[in-house]
Amino acid sequence: ELAKRVGFKYEFQLPADNEYGRLTPDGWTGMMGELKDGTADIAAGAMTVPPEREEAAYFTKPFMSTAVSLLVKKPERMDMGLGDLVRPFSTDFWILLLISIVLVGFLFFIIGKLSPYEWIKVKDEQDQRGARNAFSLRNSYLFVLSTLTWQGFREAPRSISGRFLAAF
C-alpha cells in the first residue's frame, strides 16, 4: 500500500550467504555486504549493533531489545513439609545439637542449685522478676534455647561458673 502511494518498488531477498554480516579481511558478508556493495538499499532483521557495524552503516533506533536468556527445565520437587527445615544439616549434627542442649541446660540447672552466687536469698516481695528462680530446670533450658537463637533471656547467670558456661 505504501509503495503504491509513494511510487516505489520493493523486493524481499535473503542474503546469498544467509548471514547478517561480519567483517572479514575481504570486506563485509551477508546483509551488511549487500548494503556496502549496493546490491540492497535497506536491510532489516534482528541484528545487534556492535561498533564495527555502526561505523559501516546507519541504523535506526532499536524498536525491541531483548536479553539473552537460558531455558532450564524446572526440577520436580517433592514437598517434604517440615523435613525441609532439617535438610541443610546432617543427622549427626542434629543429634549432637540436641545432646548439647540437654547437657548444657542440665549444667545450668546444677550450677543454679549449687553455686551460692546464683541463688542469693531474696524476699518474695522484692523479687518482682522472679530472679530467685531464674535457673530452675525449665528456665535453664529456656536460657539455652534463647541463647542459641540469639533471643536473649530475662536473667543472665550471676555466678562465675554460670557466666563461663554461657560464654562457651
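This is a short chat about a predicted model of a protein.

Q: What does the secondary structure of the protein come to?
A: The protein has 7 helices and 2 strands. This is a predicted model, so treat it as such.

Q: In what order do the elements run from the N terminus?
A: The order is α-β-β-α-α-α-α-α-α.

Q: How much of the protein counts as buried?
A: Of its 168 residues, 21% are buried.

Q: And the accessible surface, what does that come to?
A: About 14,700 Å². Carbon and sulfur atoms account for 61% of that surface.

Q: Switching to contacts. Of those between residues at least 6 apart in sequence, how many join residues at least 24 apart?
A: That share is 44%.

Q: OK, helices. How do H5 and H6 pack?
A: H5 covers residues 91-114 and H6 covers residues 137-148. Their axes lie 8 Å apart, at an angle of about 130°.

Q: Which residues make the contact?
A: From H5, they include Leu 97, Ile 101, Phe 106 and Phe 109. From H6, they include Leu 137, Tyr 141, Phe 143 and Leu 148.

Q: How do the residues of that contact divide?
A: The H5 and H6 contact has 13 nonpolar residues, 2 polar and no charged.

Q: What about H5 and H7?
A: H7 spans residues 160-167. The axes of H5 and H7 come within 10 Å and cross at roughly 165°.

Q: Why are they called roughly antiparallel?
A: Angles over 145 degrees count as roughly antiparallel. The H5 and H7 axes cross at roughly 165°, so the two helices are roughly antiparallel to each other.

Q: Left-handed or right-handed this time?
A: H5 passes H7 in a left-handed crossing.

Q: Which residues meet there?
A: Val 104, Leu 107, Phe 108 and Ile 111 are on the H5 side. Ser 161, Gly 162, Leu 165 and Ala 166 are on the H7 side. This contact divides into 6 nonpolar residues, 2 polar and no charged.

Q: New topic: H2. Which residues are buried there?
A: H2 runs over residues 30-37. Gly 30, Met 31, Met 32, Gly 33 and Glu 34 are buried in H2.

Q: What do those buried residues pack against?
A: They pack against strand S2 (27-28) and helix H3 (51-56).

Q: And what follows H2?
A: Gly 38 does, with a positive phi near 90°.

Definitions and conventions: Residues are numbered from 1 along each chain as its sequence is written. This is a predicted model: local features need pLDDT of at least 70, side-chain atom pairs count only at pLDDT 80 or more; totals for chains, interfaces and linings use all residues. Side-chain values use heavy atoms; hydrogens and water are left out. Helices (H or I, at least four residues) and strands (E, at least two) are DSSP runs, numbered from the N terminus. Buried means under 20% relative accessible area, exposed over 50%, partly exposed in between (1.4 Å probe, protein chains only). Contact means heavy atoms within 4.5 Å. Accessible areas come from the Shrake-Rupley method with a 1.4 Å probe; for residues, only the protein chains shown count as cover. Axes are lines fitted to C-alpha atoms, for helices over the stretch in contact, and angles run from 0 to 180 degrees between N-to-C directions. Ala, Val, Leu, Ile, Met, Phe, Trp, Tyr, Cys and Pro count as nonpolar, Asp, Glu, Lys and Arg as charged, and the others, Gly among them, as polar. Angles under 35 degrees count as roughly parallel, over 145 as roughly antiparallel, 65 to 115 as roughly perpendicular and the rest as oblique. A crossing is left-handed if the near helix is turned anticlockwise from the far one by less than a right angle, and right-handed if clockwise.
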